[in-house]
Structures are given as C-alpha cells and as structure tokens.
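Welcome! Please take a look at the sequence and the structure below, and then we will walk through them together.

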Amino acid sequence: MVGKTAEPSFIELFTPKLVTILRERYGFAEFRADALAGLTVAIVALPLSMAIAIASGVPPDRGLYTAIIGGFLVSALGGSRFQIGGPAGAFIVLVAATVDIHGIDGLLLATMMSGVFLAAVGFLRLGTYIKFIPYPVTVGFTAGIAIIIFASQIKDLLGLTLPGKEPGALLPKLEMLGAALPTANVATIGMTVLTIATILTLRRFRPQWPGMLIAVTLASLAALGLGLDVETIGSRFGGIPQSIPLPSLPTISLEKAIAVLPAALSFTLLGAIESLLSAVVADSMSGRRHRSNCELVAQGVANIASALFGGICVTGTIARTATNVRAGAHGPIAGMLHSVFLLAFVLLAAPLASAIPLAALAGVLAIVAWNMIEKHAFAVLLRTSRGDAVVLLTTLLLTVFRDLAEGIVAGFALGALLFLHRMAQSVEVESEMPLVAEDRGDKNDARRQERYDPALSSDRDVVVHHITGAFFFGAAASVGAVLDRLGESPRAYVLDFANVPFLDSTAAATIEGFLRKAERRGAIVYVGGARPAVRRVLLAHGVRPPRAHFKSDVADAMIAAHRKATPATA
C-alpha cells in the first residue's frame, strides 16, 4: 500500500484534542471563535435534543441532559477537534424499543453498559476496524433510519388520535396511522406546515440564520397567539425542570444486565459507527485528522456519565458537528461551550419550553430525516454497480423492516462477498500479469524512454502517492489516513493507480473526499495509470475534471503536475 509511519505511543493515541489545542497558542481570539461557534451549535441543538428525546419515548429534558453532560465530555476528552456530542436521530428506533421493553431504568443501564463497551473498544484499539464497513452499507442504514424516523413522526405531524399504543414495526405502524387519518387535527397540520416552510425558506434565503430555532419559536408564538388546540411539551410532559438532576445509579442486577445486553451491544455498534462517521465528516470539512480510538473512549465515558444524570445515548452528531466547523470553531472548547449554553437555557429559561407544539418538533425531525438520506450517493450507487446496489438495498430493507444490527451485518457480509467476486473477476481479466512482476530490460520498458529529470522527483511543490493492490473498503481507511496527512501545502498531487487492479465505491468515496481537501488548498490532483474499469468507478463518484486530471501513466502525470506547479516565468 502506502508508506508506513512510526508507531505512536499509548499516550499520543489517547491524549484528548483539547490538550493538543491548549498546547498550541490559544488566546482570546481563539476563545471568541469557539464561543461564537458554541452558541451557534447550541441554538441548533436546543430544539433537536428535545425532539429526539420525545421521538425516543422519553421526556424532552432527558435529551437536554444528554447534550449537556455527554456533549461536554465528548468535546473535553475526544480525539476530534470539532466533534459535537449529544442525542442522535439514528438512536431513536433503538432507544424507543429499549424503553418499551425494559423501561427507563433498563435504558439507563443499557446506556451505561454501552459506554463501558465503547471505552473498551477504544482502549483495545479496535476503532480502526469500524472504518472497514463498506460505503453502501453506511448509506443504506442511514437512509433506513431516516425512513423509520419520519414514520415515527407522522402521528405528531398530523395530530392523529390512535386507538391504542403505536406499533414499533413499520408496516403495522403505517396501517394504524392510515386508519386514524380521519382524526387529523387541522391546527396541528398548520403548525407542521409553518415549521417546515420556515426552515426551508430560511435555508434557501438566509442559510446563516438558525432556521430550526426560528421555526419552533414562530410555531410556539402562533399557537399561543391564536389559542390553537395543539399538543405541546407542557400538555404532554408537564414542562421541563429548571435544574439538572443529581447523578444516581440505575437499578443494577445480573438478571437486568443480561436482559438489556442486546440493546447495549446495539448502542455500542451504532454509537461507534455514528461517532466515527461524524468525525470523518469534520475531517473532510476542516482538513484535520481525528484519532478514532481516543474518540471512542470519550464516547464511552460520555455515555456512562449521561446515564448517571438521567440522559440517553450519546454519540457524535453529524449535522451539529458540521455546523460547528462552518461556524468557525477553533477546537473542542466550542463543543464544551455549546453544552454550557444549553445548561444556561435549562437553568434560566426552561419554563418557556412548555409552549412548544409537538408538531413543530416533529417538523424539525422530518427535515432531519430528509437530510440524513444521502440522495446523491444513493443514486450513484444504484446507477454505477449492481453489486453495490444489492448491498445498499439489502441494508436499507433489513434496517427498515427487520433490525438495524441485522442490516449492518448482512450488508457487511454481502460487501465482503462482492469484494471476493470482484477480486476473482480481476484475476481472470489480468491473468496474463504475473503475481510478482519480473525485472525488465530498459529497451522493453513500456514507458517512453526520456531523459530522467531529477527535478520531477525532488520538487517540493508536487507530492506523489503510490497506491498498490486492491483498493477496497478494508483498505480505504488506511489509504485515507495517509492521503489526509497534508502537513505541507504542495501545489499538485499525483496519485499513482498503475498497480491498483480494482477499487470499490468506498475507495472511490475516499479519493473524492481527498479531492475536496486538496481543492480547498488550491492544489491540483493528477491520477496516473488508472485502468479503464478503475477510471469508470472514479468518474462515477465525482473524481473528474476540473478537480482531478487523468493521465495514461504516472510519468505523464508527474510531468503535467510539475509544469502546473512551476510558476510561469517571463
């Protein structure tokens, strides 16, 4: 593959990014940037934390406790500069099912157990293997979760009155909701339309404004001003306490621990995937590099603490983390301050939350569900590869109609089989190539016989990465780690694909992410020696001009990169 680096020490691997930031020059300007970013994220997190808690079958204050306690510890102890922790939409289905079966006490115990498991996974340095999940699996299960979240909000979106408890399974749920459509509340539908329309309008014309908070505020004022008969946080839950509970242990017994073990394992798996995906998104936006195992340890500690304070599952949240990066955060202190601002809301303004219509929070989650579906990636995977399409749809359908864990396991197994199939095809097509290339005479070298120019290899403005072997989901994390080490700022990169027999969608997505980082630095990327099949996959995933330029071999790519990187002289 690519070059190895010195093995980092245990201390280096598990030193929080907060310590790294404080070791750097951190002054008032950096603190001001973090404070503004933290306030921006808190404004986004406030309605989301309550909405996710309600959708999960627990009171809204538990979502706030999760963001305050868990979010603070994720930022303080984590391995990412920009990660924002809190309750996540991806957990709604699992948390609701756990509460339904085991009650709140069972949920808190499962959350604490998952925290222990996450910390153990991190300390055992197993976080790297989480990245081996194929790209179609992550796209599929994320879309599946989004569908389930939206279905869970239909009742509150329309103000339906159900004859009994709402089923958890999708088809029985839709059947009951369909039968209850005549009970829809016109005022509730109006709140839903107002909320969604406000969010979409502000996103279109004022994207820098906190659309979700503004929409929820407008809906609350409209409901109060017009005296509408809609269900609110106050009418269903009696409001939000104006305090933080003292830490306490849930009921712990061996029998209870065994009963909630499947839920705890599911929380662990999903929490690890979701938090590392969020950290990767932050990396792609900022050009930084997170430490996955340190991040998992922080997630573990945060889940244990969240449960002690009555909160629910904590994980890295992609939307809030992206908001943090866009808001100009400098480091983890922004995430810590976001939790402090939420705490201030609970202590000073919690009674105001009683007037929030549940339809407004359901509208917020409907937008979140829509945003969770990676529509472009979904279309590309369906269009470019039948194998990837099968993995994607299998993961999606099993997640929606069976179980999240089943969807991930089945998708991973199909992805592994697809990899073996592609390797077999690659060996068949390239059967004339020996396993180990023999030496050649200079006269038989297929490349052009040109005078060697040492400037091409010593030019600091051009960085060359040679990638060798099958480039698939299992290797994408390692290659991505090397490509992400953009310590210097060259003017051009050359990616040597001459010895890559094939690559899959995960690898292509890794290269596309690298292109985005290089583009932000003003660097040009050349791809040399890619075979036709490899080139087709890269093109399908957005690796195309003007962000990437293909050359027949690495020598041509280096010549072109050198010419582009060298300033023109008069």
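How much space lies in the second largest cavity? About 40 Å³ lies in this second largest cavity. Keep in mind that the model is predicted. This briefing starts with spaces inside the protein and then turns to a patch on its surface.

**Cavities**

- You can look for two cavities of 30 Å³ or more in the structure.
- Around the second largest cavity, the lining is made by Leu94, Ser266, Leu269, Leu270, Leu404, Ala405 and Ile408.
- Two or more residues of that lining come from each of these elements: α12 (254-286) and α19 (404-429).

**The nonpolar surface patch**

- At least two residues of the nonpolar patch are supplied by each of α8 (170-179) and α18 (386-401).
- Helix α18 gives the most to the nonpolar patch, with three residues.

**A closer look at Leu171**

- Is Leu171 buried or exposed? Leu171 counts as exposed because its relative accessibility is 55%, and the cut-off for exposed is over 50%.

Technical notes:
Residues are numbered from 1 along each chain as its sequence is written. This is a predicted model: local features need pLDDT of at least 70, side-chain atom pairs count only at pLDDT 80 or more; totals for chains, interfaces and linings use all residues. Side-chain values use heavy atoms; hydrogens and water are left out. Helices (H or I, at least four residues) and strands (E, at least two) are DSSP runs, numbered from the N terminus. Buried means under 20% relative accessible area, exposed over 50%, partly exposed in between (1.4 Å probe, protein chains only). On a 1 Å grid over the protein atoms alone, a cavity is a set of points where a 1.4 Å probe fits but cannot get out, and a pocket is an open set with protein on both sides within 12 Å along at least five of seven lines; lining residues have an atom within 4 Å of a point. Grid points are joined across faces, edges and corners, and a volume is the space filled by probe spheres set on the points.
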